[in-house]
Amino acid sequence: MKVRFFTVPNLLTLGNLLCGSYAAVVLIAYHDLTTAMLLIVASALFDFCDGFAARLLYCASPIGVQLDSLADMVSFGLVPSLALYCLYDDAPALFAWSDGLMSAARFITLIVAAFSALRLAKFNIDDTQHTEFCGLPTPANALLCLSLGVLAQNGTLVLHKEVILLLAVVTALLLISPIRMFALKFKSFGWSGNRLRYSFIAVSAVLAAIFGFAAVPAIIVLYIVVSTLRWAINNRKNQF
């Protein structure tokens, strides 16, 4: 089988991977969450554009699918874990822990990387996720973790060690949860069938205009809450 490595979509996917790799470097070397956040936003843009380019140019390929997940694992799996790890090191504690326990507990933040791998592996074999997602998408989780990290590092928000560990566990479980979360993928641009998408975008724009960067984690949380309520209501309807 002839494999084409350097197609336009694959190059865009590699852009995602390179941005994510550099984000990991700045987190490990400098604990610089602001730069890491900018790089992950760039990764997310590359991630959006590679699929769009594949559809536009009719050059989707099996290698592109696998490459996309490998890049996402670094940018949206490893990087948010490292961000939480760095935050944990710099954060105050609510309770008096022993030094050994406090040091060991930091490794709980790496659960996000492990569960992101499970999430991406499931996505690759799940044919039901073309129009919606099963579990929290890894890019959304990465943006949530990084944005909270930036706010904490800038002094806008105080995150204690215990809160960071709880955040790691909750987001990891959301990644592999059965909750069906809506996707911002438009098959058409009419109001019918896109009410939820347009409403969510409008509310997000209002939040961003009012709160600026601080709106980013609020928007992700809103996405999770709305998706969970929608999933619960649909499940209840299906029972009758």
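What radius of gyration would a compact globule with 240 residues have, and what does the chain have? A compact globule of 240 residues would have a radius of gyration near 18 Å, and the chain has 19 Å, which agrees; the radius is taken over C-alpha atoms, and the globule rule is 2.2 Å times the number of residues to the power 0.38. This is a predicted model, in which local features need pLDDT of at least 70 and side-chain atom pairs count only at pLDDT 80 or more, while totals for chains, interfaces and linings use all residues. Residues are numbered from 1 along each chain as its sequence is written, and side-chain values use heavy atoms, with hydrogens and water left out.

Taken along the principal axes, the C-alpha atoms fill a box of roughly 55 × 50 × 35 Å. The chain contains nine helices and two strands, in the order α-α-α-α-α-β-α-α-β-α-α along the sequence; helices (H or I, at least four residues) and strands (E, at least two) are DSSP runs numbered from the N terminus.

| Helix pair | Axis distance | Angle |
|---|---|---|
| α1 (residues 8-30) and α2 (residues 33-57) | 8 Å | about 170° |
| α5 (residues 111-125) and α7 (residues 161-175) | within 8 Å | roughly 5° |

Axes are lines fitted to C-alpha atoms, for helices over the stretch in contact, and angles run from 0 to 180 degrees between N-to-C directions. At about 170°, α1 and α2 are therefore roughly antiparallel (over 145 degrees), and their contact, meaning heavy atoms within 4.5 Å, has 18 nonpolar, six polar and two charged residues. Here Ala, Val, Leu, Ile, Met, Phe, Trp, Tyr, Cys and Pro count as nonpolar, Asp, Glu, Lys and Arg as charged, and the others, Gly among them, as polar.

The crossing of α5 and α7 at roughly 5° makes α5 roughly parallel to α7 (under 35 degrees). Among the residues making this contact are Phe 115 and Arg 119 of α5 and Leu 173 and Leu 175 of α7, and the contact residues divide into eight nonpolar, two polar and one charged.

Helix α3 (residues 62-90) has 29 residues and reaches 42 Å from its first C-alpha to its last, close to the 42 Å expected at 1.5 Å a residue, where the expected span is 1.5 Å times one less than the number of residues. Leu 67 is found in α3 and, leaving aside its neighbours within four places in sequence, is in contact with Asn 10, Thr 13 and Leu 14.

Terms used
Parallel < 35°, antiparallel > 145°, perpendicular 65-115°, else oblique.
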